[in-house]
Each structure stands twice: as C-alpha cells, then as structure tokens.
Amino acid sequence: MAGGNERSMKALKEVWKRAENSSCADCGKPDPDWASSTLGVFICLSCSGIHRNIPSISKVKSLKMDYWDDAQVQFLAKHGNAVTKAIYEAHIPIYYYQPAYSDCQVLREQWIRAKYERKEFTELGKQSPYSDGVKEGILWKRGRDNGQFLPRKFLLSEREGCLKYFTKQDAKEPKISVKIDVINATFQPEKIGNPNGLQITYLKDNKTRNIFVYHESGKEVVDWFNAIRSVQFHYLKVAFPIASDNEIKNRLTRNFLKEGYMEKTGPKQREAFKKRWFTLDHRRLMYFKDPLDAFAKGEVFVGSGENGYSVQKGLPSGTQGNFSWHYGITIVTPDREYLFTCETESDQLEWIRAFTSVINQAMTPQEYAIEAYFKFKS
C-alpha cells in the first residue's frame, strides 16, 4: 500500500480482514486484494478488470498498492461484502447460475453487470429476459457437416417443455425439437473459438448429441443459458413436487468433469491406440474424433465402486496395442477393461481424479437404468 497515513492503513486492514471480506464478492475467489470504492465490495484481480469496464458504476483500487483516504475506508467499513450482497443479491432466482472464479469471462462479466449495472436482483419479481417461460431469437449455430456457423432461429418454451431450432426464419416446422429434461448447456469458449461459445447437448435414443452456438452479445448468450435453466427448473418442480428447490437446482445444467485428448484401443486390446477427444459428463465418458463433432463415436458408462467399477493407474502387463503416449489408465467395469493413454503425467492424474470422483459416488435409480441400457447395447 503506497501513501496514506498510518491510521487509515490500520483501519483499512481491519475492514479487509473481516470474515465476510475473505473471498471475492463476485466469484468467491479467496483472498481478494482489490475493492470498489463506490460499491464497497472486496473483489479479486480478475473481477476488478470487469468492474473497471463499468466506471459509471464502480471505481476499483488495489488494497495493497493504492492510497485510500479516510472517507473511502469508512465507506468500505460501512458496507463490505455482506451488506452490499444483501442489496444487490436480494432476490436472485433459484435457477440463475452464479459463476465461480473458474468459470469463463462472459459468465462472470454478465453476472457482475446483472448485479450492479442492471440491478436485476434488487427487487422481488423483477421481470428478466429469462423468466417469462418463452425465449425466441437468433443464435449462430455450427453446421454439423461443413463446420460453418450460420444464423438459426431458436425457440424455448416452458409450456411445451422443449427447445427447438429452425433452419429458416419463416420455417413452420423445426429442424429439431428437444425435451428440456434431456438438455445440458455449458460454456465452451476455447473449444468453439468464440468468447460467447455455448455447447448444448441432449440425449436422443439415449445417445448424446452436440450443438455448438454463440451470439455476438454476451448478455444475450447468458440470457439463453439462464432461460434454459429456468425452464428446466419449472419442469422439474412439476415432475418432482416433493423435491426441495436446492435439490432441483443441483439437477440443472452442469459443467463437464473433464475434457481432453487421450488415446484408446479397441475391445480386443490388440488394436493400435487412436487419439480421440474425450468428455466426461458425470457417468458418461464420450469420445469423438474431433472436439466439435456433433455425435460421439462411442460412450462408456462409469458406474460406482460398489458395483464393480474402478480406475487404475497404468495399463495391464502385456498390453499389445501400439501407443505413442505412455501414461496409461485402465477403467475396470463388470464386463471388461477399457485402456487409455495420456500424453503427460499431469493429464493422467487429472483424469484419474475425475474418474475416482464419479466412482466414489453411489448410483441413483436413474443411473442404474442407464447402466442397464449400456449393457444391453453392448
């Protein structure tokens, strides 16, 4: 902290070390070392950059390097994260996704703008673009075969409980109509190559399908994301009337546990290992030739340890298939073993941690049904 008298510095440190201010007010990252002198919140460096882009609302300063005068310190002491959150987060819809520091830029920026700039959560029942049960608009969708992004009309309906998209603006029949209960949505800016890239996955005939979309407006694409969560929430409230709001919230959209390249061999374990893109979506391990493929080339069900599933570091001795990567992983299921190799040891350990987290969880009745389907298919 440069400048300032000893009294102000001491007072600032006292406010800073309060328990309520020990994590970023916007993304939850521990040990924030920036603050907004106009909002009175303690924030991390990354979120301070977003605040800096809305100077009419927030003026940010470093708690370590900048000078804070007595009036500014008193303002921080009067407010702080708890008081400010009580104002700006008073009425967040249960389905609204509140991003963490590990989430992408567009999610965190729109969360901050929704709170402080648009004040979407200060009043009970304030109408939002994602809360009236219907959303219609244009998203740029990647073509399944040619890889080009073209504008397509999308329609989300709570009454019908589905998401549709149309190849032409005036088309009466949708190209695809997907029930809301089989949809997942997750932001994938790096994979899609656009900061507002959103991956929508859904199940058809118990197989996963991918749609890759984006919108030029960060607000619009985040509104679509929360609209999907809103419609899912209301659908599940009807489908599971005795479930609590938090139980339903936990069943809304989810991020993938792990993605990346591995090599795999076939069921005979003598074939050459081939490089594939893998996605672990809870108990579904899917593999693709290309990360932006619409359909998985195959899927592996990852059950629980009490049902005979395990993950082991390395490959079985005597593995015959040729492989160029040497950090092996073996997934053991009741029916067979699946062999994979990773390029680096850190990749290997990350995948093992992800598989272990799934295997350590007890299976739900719905997951037993999915396991039965996989066994029947094989």
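## The surface

This is a predicted model. The protein exposes about 18,800 Å² of surface, and 50% of that area is supplied by carbon and sulfur atoms.

Charged side chains come next. The protein carries 56 positive and 46 negative ones.

## The overall build

The protein has 378 residues, and 49% of them are buried. Its secondary structure consists of 10 helices and 17 strands. Along the principal axes, the C-alpha trace spans about 75 × 55 × 45 Å.

How does the chain meet itself? Take the contacts between residues at least 6 apart in sequence: 53% of these join residues at least 24 apart.

## The largest pocket

Now look for the largest pocket, with a volume of about 1,300 Å³. Its lining is made up of 38 residues, and those closest to the pocket's centre are Arg251, Arg254, His282, Glu367 and Ile370.

Which elements give two or more residues to this lining? They are the strands β8 (183-187) and β9 (198-204), together with the helices α7 (218-239), α8 (245-249), α9 (345-359) and α10 (365-377).

## A closer look at Lys274

Finally, find Lys274, which lies in strand β12 (residues 274-281). Leaving aside residues up to four places away in sequence, Lys274 touches Met262, Glu263 and Lys264. Lys274 and Lys264 are 10 residues apart in sequence, while their C-alpha atoms are 5.4 Å apart in space.

Technical notes. Residues numbered from 1 in each chain as written. Predicted model: local features only at pLDDT ≥ 70, side-chain atom pairs only at ≥ 80, totals over all residues. Heavy atoms only, no water. Helix = DSSP H or I, 4+ residues; strand = E, 2+ residues; numbered from the N terminus. Buried < 20%, exposed > 50% of the residue type's maximum accessible area, 1.4 Å probe, protein only. Contact = heavy atoms within 4.5 Å. Areas by Shrake-Rupley, 256 points an atom, 1.4 Å probe, with all protein chains shown as cover. Lys, Arg positive; Asp, Glu negative; His and termini not counted. Charge placed at Lys NZ, Arg CZ, Asp CG, Glu CD. 1 Å grid on protein atoms, 1.4 Å probe; cavity = no way out; pocket = protein on both sides within 12 Å on 5 of 7 lines; lining within 4 Å. Points joined across faces, edges and corners; volume = space filled by probe spheres on them.
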